[in-house]
Amino acid sequence: MIPSPATAKVFQGVASRQQMFRMFDRHAQRPNRWDGDAAPFYSGEWFEIGETEHDYMFEILPPLWIRGSMFAMREFMTGSVTSVFFALRIDEIIRYFHGYCDLSDKAFVETMRVAIIERESRPTQAMTREERLEHVWSITADDYRGYAGDRWPKDSRGKRTVMLYRGNEGTFLKLLDELTDGEIAAKLPVHLRHLPFPLAA
């Protein structure tokens with residue numbers, strides 16, 4: 001049995017046009033940008049956008065394909081990964097989403113569609129630790145985020161880093177995945193800091 005592709009919500013709330021374009025290439029600073037397969041960086045990422053942004057993207061270029069309430073961009077981000085835009089009815093409201101899908105996997109688009117509906121149909125607002133970390137990465141300016149380089153231990157190199165400020169210690173870099181809950185909360189917008197974690201299944 002082939003495992004379902006992983007999907008990840010990378011922004012909480014509805015992205016503005018400026019935020020949308022910035023998140024199209026959240027990994028622009030990755031090491032060896034022009035070498036190797038970049039698909040793992042992008043494939044499976046998704047976030048919500050507004051109707052105006054959805055329609056704008058539809059009108060930029062003729063879509064690669066249209067399937068019901070979904071369409072794919074003709075220009076690929078990397079390899080077989082391209083933008084797919086969704087208009088989905090969730091709790092009787094039409095909402096709009098962007099996701100990076102690997103079209104070499106025929107089940108990917110449908111898997112993402114189901115994952116978005118399932119995630120956004122939760123009865124209460126909640127964010128997992130992973131979603132909090134992805135939101136922090138999405139909203140942090142390029143000057144304050146990056147990737148661990150040669151000065152880091154070997155097993156940390158290439159991992160994402162963010163800059164933190166700690167009083168008398170000034171600023172310092174820390175691996176994104178190693179942020180404490182308090183450090184994550186401090187980097188989140190005020191309206192997201194106190195959202196609950198999802199209840200364990």
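These legends accompany close-up views of a predicted model.

**View 1. The largest nonpolar core.** This core has 19 residues. Met20, Phe24, Phe47, Ile49, Met57 and Phe85 touch the most other members. Strand 1, helix 1, helix 2 (39-42), strand 2 (45-49), strand 4 (70-78), strand 5 (81-90) and strand 6 (93-102) each supply at least two of its residues. Nonpolar side chains tend to be buried together in soluble globular proteins.

**View 2. Phe24 and its contacts.** Phe24 is one of the core residues that touch the most other members. Leaving out residues up to four places away in sequence, Phe24 touches Tyr42, Phe47, Met57, Met77, Phe85, His98 and Tyr100.

**View 3. His54 in helix 3.** Helix 3 spans residues 51-60 and includes His54. Is His54 buried or exposed? His54 counts as buried because its relative accessible area is 9%, and the cut-off for buried is under 20%. Residues up to four places away in sequence aside, His54 touches Ile49, Phe71, Phe85, Phe86, Ala87 and Tyr96.

**View 4. Helix 5 and its cover.** Helix 5 runs over residues 129-139 and is mostly covered. Of its 11 residues, 8 are buried. They are Glu131, Arg132, Leu133, Glu134, His135, Val136, Trp137 and Ser138. What covers these buried residues? The cover includes strand 1 (8-15), helix 1 (17-24) and helix 4 (108-120). Strand 7 (145-147), strand 8 (160-165) and helix 6 (181-187) also take part in covering them.

Conventions. Residues are numbered from 1 along each chain as its sequence is written. This is a predicted model: local features need pLDDT of at least 70, side-chain atom pairs count only at pLDDT 80 or more; totals for chains, interfaces and linings use all residues. Side-chain values use heavy atoms; hydrogens and water are left out. Buried means under 20% relative accessible area, exposed over 50%, partly exposed in between (1.4 Å probe, protein chains only). Helices (H or I, at least four residues) and strands (E, at least two) are DSSP runs, numbered from the N terminus. Contact means heavy atoms within 4.5 Å. A nonpolar core is a set of buried Ala, Val, Leu, Ile, Met, Phe, Trp, Tyr and Cys residues joined through side-chain atoms within 4.5 Å.
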